[in-house]
Amino acid sequence: MIAPILPGATIGVLGSGQLGRMFAIAARRMGYRVHTFSPDVDTPTGQVADVEVTASYDDLDAVADFARRVSVVTFEFENVPAPTAQAAARCAPVRPKGAILHTTQQRIREKSFLTKAGLPITPYREVRSLDDLDRALAELGYPTVLKTAAFGYDGKGQFKIDSPGQIREAWNAVQEQESVLEAFLDLDCEISVVAARGADGQFVHFGAIENQHARHILDLSVAPARVEPKIAAEAVDMARVVLEKLEVVGVLCVEFFVARDGKLLINELAPRPHNSGHLTVDACVTSQFEQQLRAVCGLPLGSTEMHRPAAMANLLGDLWANGEPNWLAACAFPDMKLHLYGKLEPRPGRKMGHLTALNHDAEAAYRTVKNARASLL
Ligand SMILES: Nc1ncnc2c1ncn2[C@@H]1O[C@H](COP(=O)(O)OP(=O)(O)O)[C@@H](O)[C@H]1O
Ligand SMILES: [Mg+2]
């Protein structure tokens with residue numbers, strides 16, 4: 001059992017995006033102080049943290065110095081290099097531990113872990129050369145999707161292959177890097193389970209959340225997911241296995257595919273709060289960010305009970321194409337919560353904020369959040 005880190009203590013966050021921002025808000029609300037570390041300045045997390053440290057993740061002296069000033073280090077950026085996590089771990093506890101980052105930040109390691117754990121995943125092949133790709137396509141057929149093993153997010157580093165004529169183009173698209181080729185599935189829907197695990201093994205989850213993507217980027221989430229209870233329960237059971245086998249102390253999200261034949265497959269893992277769990281901030285007794293705080297500080301986890309069904313719509317930089325969105329219009333929806341991340345540059349595809357709608361049922365929340373987002377334009 002770890003000694004609890006109590007309010008008043010300082011938490012270090014590696015990474016400085018919106019996940020760190022919402023974590024910092026939860027932590028400061030409970031009386032903690034927050035330091036954030038990333039190569040950038042005036043960041044979404046830095047704007048609400050007590051201290052914003054700007055240095056390269058490769059500057060291990062700066063990382064050690066950062067870790068010495070805090071009681072525990074957590075992260076919001078899952079591509080923190082392994083040596084960075086190790087340097088931090090020499091000066092402060094890192095939760096979840098660096099080995100979990102190592103497993104989940106590379107698709108081949110992640111898939112090997114899932115296979116070994118006996119969990120169902122999409123058929124895939126490892127690809128390290130054009131020859132490998134040829135062979136893998138002969139085995140998996142079409143369509144497939146080629147994904148770089150490391151550093152992919154929001155569909156970056158992915159190429160869908162529909163016919164043999166695209167092989168060279170696909171290999172160029174992943175910049176000839178180590179990749180995985182996956183069968184491209186005919187999906188019924190996608191769901192995720194955001195769960196937290198305490199240092200003492202306590203496990204809580206937010207149930208199945210339904211996710212819709214546009215251009216490979218999460219677009220809308222709805223909770224509870226509109227799937228059969230059996231599928232939701234199966235997904236939660238699998239998430240429990242993942243958190244236990246990885247010995248997570250913190251929050252982890254499991255992304256699932258629900259195939260047309262009703263089969264549930266794990267797509268990927270994120271060892272941190274997840275975009276699909278943003279609706280927990282407004283909809284649940286304890287948000288995913290507060291759970292992360294409680295878990296990494298060794299506090300008892302909170303109730304995940306939902307006040308009301310909810311739906312979340314991402315606000316991407318594209319919404320700024322013709323100037324500032326119409327915030328007044330969105331605020332005119334009384335059950336709508338507006339979240340903006342303080343990002344200075346609204347680039348296309350960049351996550352700038354989100355809206356959460358609460359309603360008496362998930363379907364109504366889903367309709368409202370779509371209408372509210374449309375009203376911004
Ligand atoms: N094998 C697949 N079959 C069908 N759709 C897929 C497949 N792989 C990815 N996708 C679609 O692309 C989205 C993003 O892919 P994902 O592997 O989760 O990458 P990222 O790390 O960018 O989130 C998925 O949520 C899904 O909508
Ligand atoms: Mg994903």
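Ligand 1 is surrounded by 20 residues, the closest of which are Lys147, Gly155, Glu190, His216 and Asn267, where a residue is near a molecule if one of its heavy atoms lies within 4 Å of it. This is a predicted model, in which local features need pLDDT of at least 70 and side-chain atom pairs count only at pLDDT 80 or more, while totals for chains, interfaces and linings use all residues. Residues are numbered from 1 along each chain as its sequence is written, ligands are numbered from 1 in the order in which they are written, and side-chain values use heavy atoms, with hydrogens and water left out.

**Around the ligand**

- An oxygen atom of ligand 1 is 2.8 Å from an N or O atom in the side chain of His216, and an oxygen atom of the ligand is likewise 2.8 Å from an N or O atom in the side chain of Glu268.
- Of the 550 Å² of accessible area that ligand 1 has on its own, the protein covers 93% (Shrake-Rupley method, 1.4 Å probe).

**Aromatic rings**

- Four aromatic pairs are found in the whole structure, a pair being rings of Phe, Tyr or Trp (its six-membered ring) with centres within 6.5 Å, called stacked with planes under 30 degrees apart, edge-to-face over 60 and tilted for the rest.
- Phe37 and Tyr57 form a tilted pair, with 5.9 Å from centre to centre and 40° between the planes.
- Phe37 counts as buried because its relative accessibility is 0%, and Tyr57 is buried with a relative accessible area of 11% (buried means under 20%, exposed over 50%, partly exposed in between; 1.4 Å probe, protein chains only).
- Ring pairs link Phe37, Tyr57, Phe66 and Phe77 into a cluster.

Note on methods. Polar contact = N/O pair within 3.5 Å; in protein donor to acceptor, adjacent residues only side chain to side chain.
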